[in-house]
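Me: I'd like a close look at one single part of this model, please. Start with the spot itself, then show me what surrounds it.

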Amino acid sequence: MNPLRRWLAPSHPAQLLLGLTLWSLWFVALYGGLSVACELAPPAPGQGVLTAINGALALLTLATLGLLGWLAWRGLRAGRGGVGGSRFIALTGAGLHLFSAAGVAFVGLPILALPPCL
Amino acid sequence: MSETMRPTPEAERLHRELEAVWGNPPGWRGRLSVVNHSTLGLRFMATGLVFFLLGGVLAMLIRTQLALPDQAFMSPEIYAQVTTMHGTVMMFLFAIPMLEGLAIYLIPKMIGTRDLVCPRLTAFGYWCYLFGGIILFSSLLLEMAPDSGWFMYTPLSSSEFAPGPGSDFWLLGITFVEISALAAGVEITVSILRTRAPGMALHRMPLFAWYILAMALMIVVGFPPLILGSVLLELERAAGMPFFTVAGGGDPILWQHLFWLFGHPEVYIIFLPAAGIVSTLIPVFAGRPIVGYGWVVAAIVITGFISFGLWVHHMFAVGIPQLAQAFFSAASMLVAVPTAIQVFVWLATLWLGKPRMTVPMLWVTGFLVIFVCGGLTGVMLALVPFNWQVHDTHFVVAHLHYVLVGGMFFPLVAGAYYWLPLVTGRMPSERLGRLGFWLTFLGFNLTFLIMHWTGLLGMPRRVYTYDSAMGWDLVNLISSLGGFMMAAGIAAVLVDLVLHGRYGRTAPRNPWGADTLEWSLSMPPASYNFASLPRVESRHPLWETPTLGDAIARGEGVRPGAAHGRRELLGGEALTGRVRELIHLPGNSLLPLYAALCLAVVCVSLLIRLYPLSLLGLAGAGVLLLRWSWENGGHRRAAPLGHDEPEDPPLHSRTADGPGRWTMEVALLADGAFFLALLFGWFYLWTVSPQWQMPARSPLSLLLLLASGAALTLGALWLERRVAALIRGREAGLVLALGGIAALGGLHVALLVVVLLDAGLAPTATAHDATLLVGLAYLLGHGGLAALLAALQAWRAGLGLVGARLPFEPGVVALLWRYQLGAYWILVAAMALLPRLTGGGP
Amino acid sequence: MGGVPLSEGRGGRRVNPGPPRRARLRGAGGGLTVALAMGAAGCSGSHSILDPAGPAARDVAWLWWGMLAGFGLVFVAVVALWLAAFRPRERPSRSPEAERRLGLRWILGGGILLPGVSILILLAFGVPAGQRLLPLPLPGGESPQVIEVTGHQWWWEVRYPDEAGEVVTANHLVMPVGEPVDFHVTGADVIHAFWVPRLGGKIDMIPGRINRIRLEADAPGVFGAQCAEYCGVQHAHMQLHVEAVPPEEFEAWLASRREAEPESPDSPDEHASARETFAAHCASCHRVAGLAEGGIGPDLTDLGARATLGAGTLAMEEGAVARWLAEHQRLKPGNRMPAHDHLAPEVLDALGAWLETLRP
């Protein structure tokens, strides 16, 4: 098996880090994207929540959410069938993916409520 | 569990054999050359204790000054130094090194091995810590201590507003101490992943090791941003490069980002090992395995990650857009979840077991009460509008002491009472332990519970005095009285610590009925820990086999003794713990001490601005470190090739994937964090800095950069090919090839120097040029090191120290080349290409 | 009255901007009274977050009481559960599977559900509460009063921009009551922080940037404010006297300041020698309208109208300025004004007496 595929298998220890790494990347993209967008093209303050920036961030959030959800489901399925160490990794990894997904949803909530650049 | 173990003749023989190889040498010179993890772990902790007491004295000075309004006990200048140093000493010179020391001492014993993988690095780390700490603390005795607060915000800490050497002491001293932390972080990570006892798969590892693994990795990723910040600020102070000065295109807020990028994870770096102590003690005193092992592991991983996404919550008042603040606010609240998981895991374990309220458990209870309170105020502080009100008031001071003292100091004392019998073989006093606990616990709450109120009444932190009309008199007086009470409690614990070694009753074997491997050792443990290495089949080896210790001492485990005269560990697969190789370790050495001394010379000469001397010191340190790396692998002072080589498993230097490779990878992870922080700084200044000046044309010659990069790329590819060939057993022409690769590295560096000279940068005029200079210097340093190491490999190949039978080292050097390749092109893209594409910045 | 609705300086030698009446009671009594007052008036104080005087601060005060109640409950419950676990009791014998399920229930209930619900509720309350401080456009389309505040080591420069002419004060801020006021803040040297605890919020004053915060006062009054970001040795003595007055009074005050007769260097009165001393020793740093432009230290045009000297170090009363001039490096060590104790006491007294008359 090539190394990348091995790393992405549900029973590889990298799964313990993958979910939250995705969470971190999403978080950095969210904060960085917002900061850069606000420097380059801040929308008028009166526009409220309905701006292109909020829209783009929300899309990014949904996409990340979908990916994490799928990874969690995959881990759960693999964990049910596994034994010993690989079962432990797959199930813990699935839990971490689930948490990351919840984290994405929770941290993303303010996108729906706050104007971007004030 | 036999009360006293009568050693069998076989055990005696093994002990003598191992002691001859592993024992610490006698005499002063010998003591300075010790690399043993037990000795060094204890040295770390003893030094940390001294700094804790010094920091505690500073705290008492602060409380004396604030006890009454309008006090003139200390002048404002001295008060500023004292508060700054209290925070600095407690965070950098006590909390982190103390926990590192604990990990260095315990981890090999818990995971069933004889030492950490890089013993000389342990010693180097200790000396760096000691010298850095002494240099930093000496500033207070010279009355020129840093006085800008322990987070050293610019411009207050810059040369204009802090012209004395105080800030330099802080920046240089802390960086020195951080080298020590990074060293420990790297080797602990690799040790936990690669040297666990045979059969100790990841899911059988003691939870403490999970916590320490997370701590170590967080140090590796979390400390470099502050090192970068310190380097930049020192460059600004010493050489006038305006990274943080608005007029030159810099931004003081960049410092805050870099500081808190480190600073917030730091809190969890301190908390996680302490929580690890709690998670170790609770199952032992509840007499049952922890409930939800996997949940705890998940909680540790979550904490480790999320804590890197919280740093802006220290900066809610700097005027960041509210939506961005809301992200950090939500992320800060999120971290409550893994903490709550752990708290309820502990509760469930207690409820489902039969807990005993021993002295260690008393301290754990103190931890719980205080830490839960601190955690809850932490969630309050995550709420932006509330944070705006209480930020930088005594409410925050109270909160952070609840989290740090509750979250670190109480578990630490619990751990001390728990593990003291192992270290000394004697039991501490029950009575003093309880007295100390109650005084500390009540004193602490008296000091800091009321301090929340002080903050709500509007008292800002770091004021050296206050007026009676403010209405802060009584609360401050109560806080001060509580502070002195707490000091009395700590004194009682100290008395116990000192006296128990002499008057304590002899401890029985495994006195608490624990389940982890360290309790299978003799008390105090021998220099080599395990006479033979244990085979582990469950999470609770001592509960399964209470007589494991005797069996190990009799040599009934794996690889008993040391007839070969080498210091050996078993190297295992990271996931399963299956044995892969024999790791041979270097013995005692004075090189770490000398190298650290050279760095101390660098540090002091920078402080007194004697720059030529600092260059000399740096060169000396470089030579010594290279000499240190020279005595590896097949070198005659390491493990020279012989006829009776072990085959199954082989020595690690005879394989392609020994722990040194892992050490390099983890070290490069730290380097990568530094690099990312640098990239962040570049883009941050570019987009956010108020007066950023981007020249219309990039001063870096693209053509020369491409040529330099081509040399690097060629060299790196060639090296990869040679490494692959070497693993397949082909060594013909190795010397020449490595020489050629080194020459390409030299060309790469030379062309880069031309780029630098050609650019005509004015680093003192604009932050843009200064950042470019730092970026180029970073590449030059790494390129130079890569070329130098390749040249040394050619030399070693010529001497027969590298070859088909010793294929290990070129692969390690290739990792550095690979890294430099990535860093180079990324930096070229970010600093030379992107500005051309966007046509200069806003 | 010169249009200056000030609270007068108090008898106390070194005070800070007027603590409210209830707080002052505390100074009067002995130990027992103090303790009682703590209970009764524990929340009040010139800088108390829990004694809000504006909508933003009130939101936060309510937030605090709510969180205290909710989290207090959580805290007591967790500690009680912990202690109860140590109580000697019969453990029913359970199968490992039953124990596992029980453990899972603890973790899901306490570790996931409890914090999850708590932080959701918190976020729901927290986000709207923060919006009040945003400088959003007002519903009517009119722009709120803007006051510019600049932090210096260790004093405050306050400017009231207006087409009709700018008014400048130092260490003393006057604002209209009952309407939102936008504060535009920055730092002149290091980072300071603008914070009027009883009105709410807190915002850093950063060199090179202008931060904005919107505050509103409900009723006329005097509020304490203190620099909240550590800014050097005299961070403790960087107080701002904030005074909220009805809008018409605010306008009248602004107008009276704008139209005040400037000092003249050659007014033939008893202060002529003091003006000369000022020109020789003070004018290169301090502004007094009509006499000198200064530009480094605080504007002294209205010094006599201040409540305190040295940004809250010394209460303004007769003779206070002369005392400040003689002793300021002892009262506020390290402040940026050079010592003037080489001048004869009579000279300082005369200078002080004149400066105290500056009440435009």
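Reply: Helices here are DSSP runs of H or I with at least four residues, strands are runs of E with at least two, and they are numbered from the N terminus. Residues are counted from 1 along each chain as its sequence is written, while chains are lettered from A and ligands numbered from 1 in the order in which they are written. This is a predicted model, where local features need pLDDT of at least 70 and side-chain atom pairs count only at pLDDT 80 or more, though totals for chains, interfaces and linings use all residues.

Let's pick Ile49(C), which sits in the loop between α2 (31-41) and α3 (55-85) of chain C. Is Ile49(C) buried or exposed? Ile49(C) is buried because 24 other C-beta atoms lie within 10 Å (20 or more within 10 Å makes a residue buried, 12 or fewer exposed, and anything in between partly exposed, with C-beta atoms placed from the backbone).

Who are its partners? Neighbours within four places in sequence are left aside here, and Ile49(C) is then in contact with Ala57(C), Val60(C), Ala61(C) and Pro197(C), along with Gln389(B), Val390(B), Leu456(B) and Gly458(B) from chain B (contact means that C-beta atoms, placed from the backbone, lie within 7 Å). Take Val60(C) as an example: Ile49(C) and Val60(C) are 11 residues apart along the chain, with 8.1 Å between their C-alpha atoms.

Met98(B) belongs to α4 of chain B, and with 23 C-beta neighbours inside 10 Å it is buried. Met98(B) is in contact with Met45(B), Gly48(B) and Leu412(B), again leaving aside neighbours within four places in sequence. For a sense of distance, Met98(B) and Ser148(B) are 50 residues apart in sequence, and their C-alpha atoms are 25 Å apart in space.

Chain B is assigned domain 1 (9-17 + 41-503) and domain 2 (653-838), with bounds from an automatic or database domain assignment. Taken over C-alpha atoms, the two domain centres are 35 Å apart, and the contact takes 30 residues from domain 1 and 27 residues from domain 2. On the domain 1 side, α6 (166-194), α7 and α8 of chain B each give two or more residues. That side has 21 nonpolar, 6 polar and 3 charged residues.

Finally, chain B also meets chain A: 30 residues of chain A are in contact with 25 residues of chain B. The elements of chain A giving two or more residues are α2 (15-40) and α4 (84-108), and α2(A) gives the largest share, 12 residues. The chain A side divides into 23 nonpolar, 6 polar and 1 charged.

Methods: Contact = placed C-beta atoms within 7 Å. Nonpolar A, V, L, I, M, F, W, Y, C, P; charged D, E, K, R; others polar.
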